Amino acid sequence: MMDVILHIYDVTNSGSDKTNNTILQINKIFKDGIGLGGIFHSAVQVYGDDEWSFGFCEQGTGVFSCPSGKNPMYTYRESLTLGKTNLSIFKVNQILRELSREWPGSSYDLLARNCNHFCDELCERLGVLKLPGWVNRFANAGDTAMEVAGSTALRLRQAKTEIVSASKVAYRFLLGVTNNVKTDLESPSNSNREGGSPRFQATWLKNIITNGAKPSTSSEAVNQNGVVPQPPI
């Protein structure tokens, strides 16, 4: 059995001292202060002195290794033991080769496919605990926000379609009212019909707007007698 160790770094490779210091402050407040999370890079060590992680590159695999706890791109923070793997060094090397093929550098995504996601998958294959939630919480929150935004956009498109459909029904209704104006004026008794009353018309249109009620055909909007039926209450 071999220990599986997670090495965690503060992400300080922005190229700007001001930005790097801001990230350090964010991590200090949100991780050290309230235990929520932060902006971190992670890598997994198992068998040997190297750690394994994932990053962006235009060609080839994004999986790489370096001496444990000594990645020069970031500021080392801490290490956690996630458990012991029962796998042999031969099997672990096989897993790393598989992951190298499955994780090309061009597939890197800050929110959905970053170094922490890679370490999660490696740990799962090694049969140990996944990363603590706080390590990748900011990315997961961002990814969830993107999903919510996409879902909201879909709901807005659906609502737009329903509004357009309702507008068409309203147009047919108003067109029928316009065509019957002359008849209604010439026949006072017709003006008292339920379908022609202003009160009913207002209620019917309100129901369309409120409930999205819309007949599928024009025949549902006007019955055989030429009267618009009153929607159920």
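**Strands, a pocket and aromatic rings**

Q: In β2, which residue is the bridge partner of Tyr-9?
A: Two strands pair if DSSP finds at least two bridges between them. β1 and β2 pair in the antiparallel sense over six bridges. In β2, Tyr-9 has as its bridge partner His-41.

Q: Which atoms do the side-chain values use?
A: This is a predicted model, numbered from 1 along each chain as its sequence is written: local features need pLDDT of at least 70, side-chain atom pairs count only at pLDDT 80 or more, and totals for chains, interfaces and linings use all residues. Hydrogens and water are left out, and side-chain values use heavy atoms.

Q: Over how many bridges do β1 and β5 pair?
A: Strands (E, at least two residues) and helices (H or I, at least four) are DSSP runs, numbered from the N terminus. β1 covers residues 2-10 and β5 residues 75-85. Met-2 has Thr-85 as its bridge partner in β5. The two strands pair in the antiparallel sense, and the bridges number nine.

Q: Is Asn-27 buried or exposed?
A: Asn-27 is found in helix α1. Its contacts (heavy atoms within 4.5 Å), leaving aside neighbours within four places in sequence, include Asp-10, Phe-40 and Arg-77. Buried means under 20% relative accessible area, exposed over 50%, partly exposed in between (1.4 Å probe, protein chains only). Asn-27 has 0%, so Asn-27 is buried.

Q: How many charged residues are in the lining of the largest pocket?
A: A pocket is an open set of points on a 1 Å grid over the protein atoms alone, where a 1.4 Å probe fits, with protein on both sides within 12 Å along at least five of seven lines; lining residues have an atom within 4 Å of a point. The largest pocket is lined by 22 residues, with Tyr-108 among those nearest its centre. Asp, Glu, Lys and Arg count as charged. The lining has 15 nonpolar residues and seven polar ones; the charged count is none.

Q: Why is the pair of Phe-54 and Tyr-108 called tilted, and what is the angle of the planes?
A: Rings of Phe, Tyr and Trp (its six-membered ring) pair if their centres lie within 6.5 Å; planes under 30 degrees apart count as stacked, over 60 as edge-to-face and the rest as tilted. A search of the whole structure finds eight aromatic pairs. Phe-54 and Tyr-108 have ring centres 5.8 Å apart, and the pair is tilted because the planes lie at 35°.
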